[in-house]
Amino acid sequence: QVQLVESGGGLVQAGGSLRLSCAASGTIFSIRSMGWYRQAPGKQRELVTTITTDGTTNYADSVKGRFTISRDNAKNAVYLQMNSLKPEDTAVYYCNARLRSLDNPNLNDYWGQGTQVTVSS
């Protein structure tokens, strides 16, 4: 089995910063990419940012210039530094890993349990 464990959410005032962390563990064979998605109340889950093993990143337009994703391949970990937070960033943030496990050679998406980020105005 593969597990993703997130940490670092919380309550912050607008303009503040938070850092999210996520570590993948278990029967991992190889990781293609890791990233973060978010879901606000009443809305669909949306992409925030992803990073591949070779460091290629992709950001949603709404977070470009404010959020930075980084990755530690040796630890199967991904981080999200969020600066200049806005109330509209309020959501549950989910860690994602697209990987092959020892039990399944196909690429599959795995998800963390989610961590709440609340930005007050």
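Reply: One note before the details: this is a predicted model.

Start with the rings. Searching the whole structure turns up one aromatic pair. Its partners are Y37 and W111, and their geometry is edge-to-face. A pair of aromatic rings is described by the distance of the centres and the angle of the planes. Here the centres lie 5.0 Å apart, and the planes make an angle of 70 degrees. That angle counts as edge-to-face because the cut-off is over 60 degrees.

Where do Y37 and W111 sit in the chain? Y37 belongs to strand β4, which covers residues 28-39. W111 belongs to strand β10, residues 108-111.

Now the surroundings of each ring. Y37 has a relative accessible area of 19%, so it is buried, the limit being under 20%. W111 has a relative accessible area of 36%. That makes W111 partly exposed, because the value falls between 20% and 50%.

A second residue is worth a look: G26. It lies in strand β3, which spans residues 18-26. Setting aside neighbours within four places in sequence, G26 is in contact with Q1 and Q3. The C-alpha atoms of G26 and L102 are 9.1 Å apart. Along the chain, G26 and L102 are separated by 76 residues.

The chain has 11 strands and zero helices. Read from the N terminus, the order is β-β-β-β-β-β-β-β-β-β-β. The radius of gyration is 14 Å, close to the 14 Å that the globule rule gives for 121 residues, so the chain is as compact as a globular protein of that length. Along its principal axes, the C-alpha trace spans about 45 × 25 × 20 Å.

Contacts across the sequence also show up in the totals. Take the contacts in the chain with a separation of 6 or more: 56% of them join residues 24 or more positions apart.

Burial and surface come next. Of the 121 residues, 41% count as buried, and Y37 is buried too. The accessible surface of the chain is about 6400 Å². Carbon and sulfur atoms hold 47% of that surface.

Last, charge. The chain carries 12 positive and 9 negative side chains. The centres of the two sets lie 2 Å apart.

Technical notes: Residues numbered from 1 in each chain as written. Predicted model: local features only at pLDDT ≥ 70, side-chain atom pairs only at ≥ 80, totals over all residues. Heavy atoms only, no water. Helix = DSSP H or I, 4+ residues; strand = E, 2+ residues; numbered from the N terminus. Contact = heavy atoms within 4.5 Å. Rg over C-alpha atoms; globule rule 2.2 N^0.38 Å. Buried < 20%, exposed > 50% of the residue type's maximum accessible area, 1.4 Å probe, protein only. Areas by Shrake-Rupley, 256 points an atom, 1.4 Å probe, with all protein chains shown as cover. Lys, Arg positive; Asp, Glu negative; His and termini not counted. Charge placed at Lys NZ, Arg CZ, Asp CG, Glu CD. Phe/Tyr/Trp six-rings, centres within 6.5 Å; stacked < 30°, edge-to-face > 60°.
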